[in-house]
Amino acid sequence: MFQDMIHRTPHPRDITGLSTQQLRETFLIEKIFFPGQITGVFTDLDRLVVGGVMPTDRAIELPNHKETGRRFFLEWRELGAINVGGAGKIIADGKSFALDRLDCAYVPMGTKSVSFESSSASEPAKFYYLSCPAHAAFPATVMKSKDASPVPLGAQATSNKRTIYKFIHEGGIKSCQLVMGFTALEEGNVWNSFPPHTHWRRTEIYFYFDLGEKIMTHFFGEPQSTRHLFMHNEQAALSPNWSIHCGCGEGSYKFIWGMAGENQKFDDMDGVKPLDLR
């Protein structure tokens, strides 16, 4: 169930006049997972595609789409996927990669056949994926969450004590330009990516999960002209390179972050002082 439209991002000055509904239509992807289906949304943010696969009683193939302009989906693209559901596997050109919850797989440019399976139809896997253009191929790889070099950040006193798990990055799974991982907030902590930042050399997409019935407030926009989105569980927010991206929830949660752009340096960011936000 790939969308035929491209999610296009307006110029920064143009979002000041958008209604709440227009902001949501532009920057929010409300539904990622459907049982027994694959979804995909093409964006103009470094040509990133964001989507989800939720296999139930059968394998689901990654289809090609006219927007790739190629013979098959990954002919000139790469793909990263993190499983946020039950156990499953990804089969890439006949090679099988098992993924438990919060494990990550990288599938390189040139892979002709990709399919997704769940180990149990009653507890299906949920593969959240990002795909971007690539000009070099690296080995298909799986990384377990325990091997993702956890980095603790923040503090209880500022309500942003969290751990970052890096999967696809310079020091981890090798890729052409995709960067991907997830952040887990500790119990009693609610703020992510605060103080905020921008990075003009990369765009980013946030996927919030493990929210349950809680809601998120995701902040975005230019630092001196911010906007917000109220978000629910398993929704994604698009963040152009000129935009901050941070959030606050009713309670603790997790989010997957993914980027593509001119470099893969995780700390390549331009910090914004909280007192300068408007």
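Quick housekeeping, everyone. This is a predicted model, where local features need pLDDT of at least 70 and side-chain atom pairs count only at pLDDT 80 or more, while totals for chains, interfaces and linings use all residues. Residues are numbered from 1 along each chain as its sequence is written, and side-chain values use heavy atoms, with hydrogens and water left out.

Arg-71 and Glu-75 meet through their side chains at 2.9 Å, N to O. Arg-71 is exposed because its relative accessible area is 66%, whereas Glu-75, at 11%, counts as buried. The cut-offs here: buried is under 20% relative accessible area, exposed is over 50%, and partly exposed is in between, using a 1.4 Å probe and protein chains only.

The structure holds 12 salt bridges. Another one joins Glu-30 to Arg-24, with the closest N and O atoms 3.6 Å apart. Glu-30 is partly exposed at 46%, and Arg-24 is buried at 18%.

Then there's Glu-234 with Lys-126, at 3.1 Å, N to O. That pair links distant parts of the chain, 108 residues apart: Glu-234 sits in the loop between strands E21 and E22, and Lys-126 in the loop between E11 and E12. Strands, by the way, are DSSP runs of at least two residues, numbered from the N terminus. Both partners, Glu-234 and Lys-126, are buried.

Now for Arg-202, in strand E19, residues 202-209. Is Arg-202 buried or exposed? It counts as buried, because its relative accessibility is 1%. A polar atom of its side chain lies 3.0 Å from the backbone oxygen of Asp-268. Beyond its neighbours within four places in sequence, Arg-202 is in contact (heavy atoms within 4.5 Å) with residues including Asp-46, Asn-241 and Phe-266.

Last topic, the nonpolar cores. A core is a set of buried Ala, Val, Leu, Ile, Met, Phe, Trp, Tyr and Cys residues joined through side-chain atoms within 4.5 Å. The largest has 32 residues, and Tyr-128, Phe-207 and Ile-256 touch the most other members. Among the elements giving two or more residues to this core are E12, E19 and E24. Apart from this core lies another, of 23 residues, among them Leu-62, Ala-81, Phe-116 and Tyr-129.

Methods: Helices (H or I, at least four residues) and strands (E, at least two) are DSSP runs, numbered from the N terminus. A polar contact is a pair of N or O atoms within 3.5 Å; within protein, one must be able to donate a hydrogen and the other to accept it, and residues adjacent in sequence count only if both atoms are side-chain atoms. A salt bridge is a side-chain nitrogen of Lys or Arg within 4 Å of a carboxyl oxygen of Asp or Glu.
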